[in-house]
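Have the viewer open as you read.

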Amino acid sequence: MSLLPPLNFPKWLSENSHLLRPPVNNFCLYAGQDHIVMAVGGPNERNDYHINETEVRRLHNHLNVPFISDQEWFYQYKGTMLLKVVDGNEFRDIHINEGEMFLLPGNTPHNPVRFSDTIGIVIERTRPEASFDRLRWYCRSEVHKEPTIIREEVFHVTDLGTQLKPLIRNWIENSDLRKCPQCGEVAAAK
């Protein structure tokens, strides 16, 4: 196994910031056997919630302790981001300021809102063959007492940067997909 050289992140940004464009704005910096490291810029144009399927694995040691493997680590390199999540049966906002990091538990619906001229780093686990991610859109009408799903797309992740864009564009361009089956309200495209 050959080791990759260190990456000068500020230099990389100065040469490659054009790669961090809407609607997803991410670029894979490293793709290893176990983890993916992505640079993510703002602003983004999406209102979906992403869900990584959680897989409980056993450590190969004498303790045989289970651990959750599909957490996401967020580090905010420049500016502030807002991580919208569904926590139990309620929507919640988590602000991640410049220089701060946050570990999101697996299987948590989340919408990373990135503002103009912001940069973050996200580390995720490489998906096993049998795992599926989900993109979910919720109805935000006041008539619902808890999060109500309008639409959900299920897919196996190989490259988030390319796979999310057509799903998000389909949502944006098709108002029929945005109609809540319970209350009939049509959700905003973005």
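## Charges

For the charge count, Lys and Arg are taken as positive and Asp and Glu as negative, with His and the chain ends left out. On that basis the chain carries 21 positive and 25 negative side chains. The centres of these two sets sit 2 Å apart. Keep in mind that this is a predicted model.

## Overall build

The chain folds into 2 helices and 13 strands. Its C-alpha trace stretches about 55 × 45 × 30 Å along the principal axes.

Of the 190 residues, 42% are buried. Looking at contacts between residues at least 6 apart in sequence, 60% link residues at least 24 apart.

## A cis peptide

Gly42 and Pro43 are joined by a cis peptide bond, with omega about 10°. Pro43 belongs to the loop that runs between β2 (35-41) and β3 (49-52).

## Positive phi angles

Asn107 isn't a glycine, yet its phi is positive, about 65°. You'll find Asn107 in the loop between β9 (101-104) and β10 (110-114). With a relative accessible area of 47%, Asn107 is partly exposed.

Asp117 also isn't a glycine and has a positive phi, about 60°. This residue is in the loop between β10 and β11 (119-125). Exposed means over 50% relative accessible area, so Asp117, at 52%, counts as exposed.

Methods
Residues are numbered from 1 along each chain as its sequence is written. This is a predicted model: local features need pLDDT of at least 70, side-chain atom pairs count only at pLDDT 80 or more; totals for chains, interfaces and linings use all residues. Side-chain values use heavy atoms; hydrogens and water are left out. Helices (H or I, at least four residues) and strands (E, at least two) are DSSP runs, numbered from the N terminus. Buried means under 20% relative accessible area, exposed over 50%, partly exposed in between (1.4 Å probe, protein chains only). Contact means heavy atoms within 4.5 Å. The place of a charge is taken as NZ of Lys, CZ of Arg, CG of Asp or CD of Glu.
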